[in-house]
Amino acid sequence: MIRISKILLIASLVFTACSTEDDGPGTDGGGETNSFDRGAMLENWADNIIVPAFSNFKSSTQQLEDLTVAFTADPTEENLVALRNQFESSYIDFQTVAMFDLGKAEEVNFRRFLNTYPLAASEVENKIASGSYNLELPSSFKEQGFPALDYLLNGIGDTNAEIVAKYSSENYRNYLLDVSKRINSLTAEVNSSWQGDYRDTFVSNTSSSSTGSVDKLTNKYIMYFEAFLRSGKIGYPSGVFTGTPSPINVEAYYSENLSKDLYLKALQSTIDFFNGKSFSGGQTGKSFKQYLEFLEREDLASDINSQFDVIKSQATKLNASLKSQVETDNTVMLAAYDELQKQVVLLKLDMVQALSISINYVDSDGD
Amino acid sequence: MRSSITKYFNSYTEAAPLAVFRIGFGIMMLASIIRFWLNGWIEKLYITPKFHFSYYGFEWVKPLGDFTYLLFVICGISAFLVAIGYKYRIAIITFFLSFTYIELIDKTTYLNHYYFISILSFLMIFLPANVYYSIDAWQNVKRSFQKIPRWCIDSIKLLLGIVYFYAGLAKINSDWLFRAMPLKIWLPSKYDIPFLGELMQQEWVAYAFSWSGMFYDLFIPFLLLWKRSRFFAFIMVIIFHVMTRVLFPIGMFPYIMIVSALIFFSPKVHHKILQKISSWFSIRKGKFDNELSLIYKPIERKILTTVVSVFFIIQILFPWRYLLYPGELFWTEEGFRFSWRVMLMEKAGYAEFKVVDGETGKRFYVNNSDFLTPFQEKQMSFQPDFILEYAHFLAEHFRKDGHENIEVYVESYVGLNGRKSVPYISPDVNLLNFADSFKHKTFILPFNDEIKGL
């Protein structure tokens, strides 16, 4: 009987030893032979995609701030056009980093501060009029970021001259400058965390638990695709959740022909990420695609890529302005939604299942 | 034959194993309740959700809001009282009712081992687990017995045997044995387990685990019963459950099964255990060792044995009810629950609901996260009875919102054991035309593959 109690003792020790899961990165032992090297995938994601994308976006927002300073110091039509061009290219660059809602970005609510739309335009006007506001408050998500710039550079007058005229008011100049600066400073914060420690934290966290980097970013990626790309850019404007088309929900509502470009860039970014294509476009590395291939699910990887192709070719039918698309022929928008929806099924159901990653919002038991 | 049955029912054995079982069970349950609470799951699973999925026939079981905590307190206290054997009958009935009520609130949280706890505690209502080594027996010498009818202990063994054996039978299917599914999907994702991580990447390991798991479940009850293999079998029990604990998030279940398996050991072992406990708490164990046997009055015995027999007949037959349904069990899940089908499937779904105005044709999609927690959404999306219940809930909700002529359709996909996802529910069917029932759900699309086996 002593034997039994000893065995019980050992068993309970093993239990306790094994129960302390989730405590940080496991040392993967290095010498990978038969297993897929998730560490290398994380390195590719970080070094070739995420870090370069943020660093590019940072120069872009710096430029944006500089041109805003120039315009507010000297509000001319020429400066307005230069600023607007920069706004458009920064907004497009933003689409390459929007899905990486991790670490600092998650902590500071990066995406929500930079791109919550539709804009609360009347609130913006109130704040400009009063001249007192605090853009750091979470309640001000809908009053800043790119949607606010979109409005301030396009929506407050019918012609360039009318818009420029508004900036004779100091309050307008201040608000515009504050919005621009805030975009740049938030971006600087996130970018420097990736330049600093966070890159290593991210890459070394190869744990298979829900707190591991692979699990986390997979969840973020799919959530981005479903909620921000499918629902945000296409679903809400076309009214799939209400039955009534809603042009005001279009991203970059006040710009002439920007919304489709934003959609295309965001789409291409998710495609490139899936395939592990570097930000500079020069090479491809370890990715979801390769991971699936390692698991002998080439079929699924190629289905996902074909569906990406379908989505892209369907997008050619969309008007350069999704707003006029919604207003004139919403069925093309609905068709875009349907194709995106098929991809959601492949990503959220098939891919996640094949990778054995849980869509992990809940940590309850299984059996 | 008859005489041997009579003889069996007239044979008596030491009550010690049942007492040890009662103590172990009570402590495990108390620990489970505390763990559940500390993990914040009461809030997350029973208070946060706006809507709960009911079991057919138990729609009257409603969530209790903040009183759910009280329910857990009651459940935890009764588990403790069971452990110490104080007012045992009331305690075990209270435990059974409170625990079962909690489980019935929302079938999203269904787990085989919760069901196991429910029926085990039901069985224990009819067992004299407090006549030995309990406060009840200490306080009332007239209700203190060292020996009890043999069937009282054997019934626990039988229930454990059924759980294992049926779990083993369920593994005899082509997905489990010849495709090593779902382990082939699950194991490689455990790459960061110390020592074993690398091994989990190998395909043969998935096959080895599948086959040995099947043999383990089928044979372990018999190996535990047979004296000569018992010790070896118990080591197997420990290894098996430790492995499952390491690989999968299955909470308290492995601990419960290991402690439960002790019941197979001879009374001598249990007396040793009780002696140990006695020395820790300075309990005079000798007071319980009175050599008396608990002999039921004939009528009492008749009632008890009848209840227990009916209970076991149901337990033995119930898992086979799936044979009454057409179609693949894993696909339709008709008759899947309450049948010891444990860790058999990697199944996931995606369901998008469409609300249509039947007159105008105006339609819109539902954002599931407006109504369901992510966990509920996940469980709903591959189980037809959930989908149906949710469709009715949506209709009710949008009717209140002023929508008229409501029809509800679902576009759904399900992937099973590594197969590519395919449409699951007929997208052309207005789900409101169906009420939930035990009848076959005709709106489930056929499974275009075959899984051979039981």
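**Close-up 1. Buried residues of helix α13 in chain B of this predicted model.** In α13(B), the buried residues are B:F253, B:P254, B:I256, B:M257, B:I258, B:S260 and B:A261. Buried means under 20% relative accessible area, exposed means over 50%, and partly exposed lies in between (1.4 Å probe, protein chains only). Helices (H or I, at least four residues) and strands (E, at least two) are DSSP runs, numbered from the N terminus. Residues are numbered from 1 along each chain as its sequence is written, and chains are lettered from A and ligands numbered from 1 in the order in which they are written. Local features need pLDDT of at least 70, side-chain atom pairs count only at pLDDT 80 or more, and totals for chains, interfaces and linings use all residues, while side-chain values use heavy atoms, leaving out hydrogens and water.

**Close-up 2. A salt bridge between A:R230 and B:E352.** Side chains of opposite charge can pair when their charged atoms come close. A salt bridge is a side-chain nitrogen of Lys or Arg within 4 Å of a carboxyl oxygen of Asp or Glu. Here the N to O distance is 3.4 Å. A:R230 sits in helix α11 (residues 213-238) of chain A and B:E352 in strand β3 (residues 347-357) of chain B, so the pair joins two chains. Both residues are buried.

**Close-up 3. A salt bridge between B:D175 and B:R419.** The N to O distance is 2.8 Å. This pair links distant parts of the chain, 244 residues apart. B:D175 lies in helix α9 (residues 174-178) of chain B, and B:R419 in the loop between β5 (406-416) and β6 (422-423). Both B:D175 and B:R419 are buried.

Close-up 4. A:E293 is partly exposed at 30% relative accessibility. A:K289 is partly exposed too, at 27%.

**Close-up 5. Helices α11 and α12 of chain A cross.** Their axes (lines fitted to C-alpha atoms over the stretch in contact) come within 11 Å and cross at roughly 160 degrees. Angles run from 0 to 180 degrees between N-to-C directions. That makes α11(A) roughly antiparallel to α12(A) (over 145 degrees). Residues in contact (heavy atoms within 4.5 Å) include A:L217 and A:Y221 in α11(A), and A:L262 and A:Y263 in α12(A).

Methods:
Parallel < 35°, antiparallel > 145°, perpendicular 65-115°, else oblique.
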